Amino acid sequence: MCGIVGYVGQRDATEVLLGGLARLEYRGYDSAGIAVQSERGFAVRKRSGPLPRLVSALAEDPARGTLGIGHTRWATHGAPSDTNAHPHSSEDGQVAIIHNGIIENYLGLRSELESAGHRFASETDSEVLVHLIEDAYRGDLVQAVRGALGRVRGAYALVVAHAAHRSIVAARTVSPLVLGVGAGEMFLASDVPALLPYTRQIVFLHDGDIAEIGESGYAVWALAGAPLQRSAVTVDWTSEAAERGGYPTFMLKEIYEQPAALLNTLGGRLHDESGEVVLELSTDPGRIDRIQIVACGTAYHAGLVGKYQIEQLARIPVEVEVASEYRYREPVVDPRTLVIAISQSGETIDTLEALRQARRGGAQLLAIVNAKGSSITREVGDVLYIHAGPEIGVASTKAYTAQLAAVLLLALWLGRSRGVLDAARGAEVLAELRRLPLLIEQVLQPERVQAVREVATRFASSRNYLFLGRGINAPSALEGALKLKEISYIHAEAYPAGEIKHGPIALVDSELPVFVVATAARLLDKTRSNIQEVAARRGQVIALLSDGDTLGVPVAAELRVPKTAELVSPLVNAIPLQLLAYYSAEALGRDADKPRNLAKSVTVE
Ligand code: M6R
């Protein structure tokens with residue numbers, strides 16, 4: 001969490017930094033700050049709260065220069081305040097730093113530095129870094145940063161500027177950091193979208209790298225000192241794709257981008273002639289006895305759907321586990337276990353560490369990821385990119401449906417390669433996959449969206465929601481509840497519909513909206529009984545049904561999606577659930593792109 005930008009070149013650094021921070025604000029918006037190199041050291045401007053407060057401060061008191069660093073904060077140590085905001089400066093004003101991550105041994109270092117006479121200005125863990133660098137500096141900034149980092153334990157993307165150097169030094173361990181290569185200028189940032197207006201030539205730094213950027217280029221070394229070759233790759237995301245494109249929020253834009261995102265996920269992977277799925281994976285499907293999926297949040301829900309898809313189509317047993325739990329037990333894996341990580345950002349620390357845990361046990365590793373070159377992709381043998389394009393909204397939408405499509409592709413590929421899925425059944429699912437972008441277009445037709453918006457507005461004042469689903473759509477209920485909670489702050493619970501009579505039905509009264517995903521035709525009769533149980537207790541049932549299905553039970557509201565195959569239905573059903581959350585947040589005046597307490601990429605434990 002926290003967003004980082006750096007620039008050295010001929011442009012107005014303040015403008016580049018503010019533009020970059022605006023594109024990184026999804027990583028944290030507790031405070032923002034910049035330090036721009038000037039003749040007399042650094043002009044440092046920082047403000048608590050979202051970026052516009054910093055912009056106003058700069059309008060009153062500009063900072064001019066052509067080298068600078070900027071930071072947008074997601075607070076961990078120390079409340080959001082002006083003094084805790086980054087950049088942090090050394091006592092002599094010669095060094096300025098920004099940091100994303102957590103310095104775990106900062107308390108010990110701080111008391112040691114204070115005993116040696118250093119005075120701290122903030123409550124942050126990050127500030128120890130600037131004091132350590134100031135102490136270690138003997139004219140060589142790279143060497144000073146290296147010396148300081150030798151003393152810290154934890155996670156960092158660290159960026160350091162010194163008044164006497166026309167270059168910026170950066171280092172990373174765990175927290176992400178990329179360099180952007182321009183003509184006579186260099187950039188750095190936590191994430192690619194921040195740099196897209198300027199360059200698409202990106203260098204992905206690895207764990208343990210230390211880099212120096214200047215107008216004439218960059219150099220990278222291992223922390224221990226050995227020079228490293230890190231070449232730039234051309235990313236294919238456009239700058240426009242990372243902008244709002246006329247939508248009021250990134251989240252809404254990304255909801256509407258789902259047909260296009262899915263076309264990208266499927267593109268070139270469905271082989272028309274043979275009816276097969278073509279995936280460029282080196283994993284040998286014949287060498288897998290079982291699969292474990294590790295992921296967090298929405299990606300975890302994609303994994304839960306994936307369990308149904310893989311078990312049905314490939315007949316391989318699948319366990320799905322929240323990554324933060326997986327890593328702290330002793331999971332049983334062996335070389336015939338395939339551990340699959342699902343992650344939009346590819347930077348989620350819990351997922352990354354779960355993979356490392358699995359690797360220690362000898363498992364094969366595969367990652368389903370959106371962000372190219374991200375940390376997770378470098379940890380695994382095989383990567384299945386979902387190609388959803390940049391996702392900026394904190395609430396994951398298009399990445400979720402693209403993850404579902406990618407797992408379904410994988411399930412088909414495994415099933416066919418292992419000879420357990422016959423061609424006819426494979427072709428059936430494939431045909432439905434091919435229709436997917438069109439189906440999602442239909443769900444996004446104005447009248448269907450309006451119907452969801454009306455329901456959202458009608459129930460927006462509810463204090464609680466219950467979400468129910470069965471079979472492959474039980475995870476859809478979980479995802480609907482998560483989306484609603486995170487952006488509207490309405491409390492929501494989710495259960496497999498058959499489970500409510502074992503407890504949750506006690507919650508039902510005439511005030512409670514109960515959203516029931518009732519599209520899976522095979523289980524419609526069972527779900528209908530569950531709806532009746534809720535309706536009999538005067539619960540406000542909102543039923544999500546497939547076109548053409550009849551419920552036959554009076555409910556508070558019915559929403560409709562086009563009929564599709566059961567294996568594909570969670571993709572279609574995700575859309576009204578996302579819209580429900582979005583319009584509930586809108587009705588309550590919440591900022592869907594910046595939900596409180598959350599950040600897009602969770603790079604701390
Ligand atoms: O980048 P990842 O997919 O690894 O992120 C995992 C979760 O942090 C993420 O899905 C989170 O739950 C979203 N805010 C949900 O909308």
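**Exercise 1. State how the chain is divided, and how far apart the centres of domain 1 and domain 2 lie.**

Step 1. The chain splits into domain 1 (3-241), domain 2 (250-443) and domain 3 (446-587). These bounds come from an automatic or database domain assignment.

Step 2. The C-alpha centres of domain 1 and domain 2 are 34 Å apart. Domain 1 gives 13 residues to the contact and domain 2 gives 15 residues (contact: heavy atoms within 4.5 Å).

The model is predicted: local features need pLDDT of at least 70, side-chain atom pairs count only at pLDDT 80 or more, and totals for chains, interfaces and linings use all residues. Residues are numbered from 1 along each chain as its sequence is written, and side-chain values use heavy atoms, with hydrogens and water left out.

**Exercise 2. Describe the interface of domain 1 and domain 2 by area and by polar links.**

Step 1. Start with area. The size of an interface is often given as the accessible area lost when the parts come together. Between domain 1 and domain 2 about 1300 Å² is buried (accessible area, 1.4 Å probe, that two parts lose on being put together, summed over both). Carbon and sulfur atoms give 59% of that area.

Step 2. Look for salt bridges (a side-chain nitrogen of Lys or Arg within 4 Å of a carboxyl oxygen of Asp or Glu). The rule finds one across this interface.

Step 3. Count polar contacts. Three residue pairs qualify between domain 1 and domain 2, both residues at pLDDT 80 or more. A polar contact is a pair of N or O atoms within 3.5 Å; within protein, one must be able to donate a hydrogen and the other to accept it, and residues adjacent in sequence count only if both atoms are side-chain atoms.

**Exercise 3. Which helix holds both E114 and R110, and what links them?**

Step 1. Both lie in helix α3 (residues 106-115). They are four residues apart, about one turn of the helix. Helices (H or I, at least four residues) and strands (E, at least two) are DSSP runs, numbered from the N terminus.

Step 2. E114 and R110 form a salt bridge, with the closest N and O atoms 3.3 Å apart. The whole structure has 27 salt bridges.
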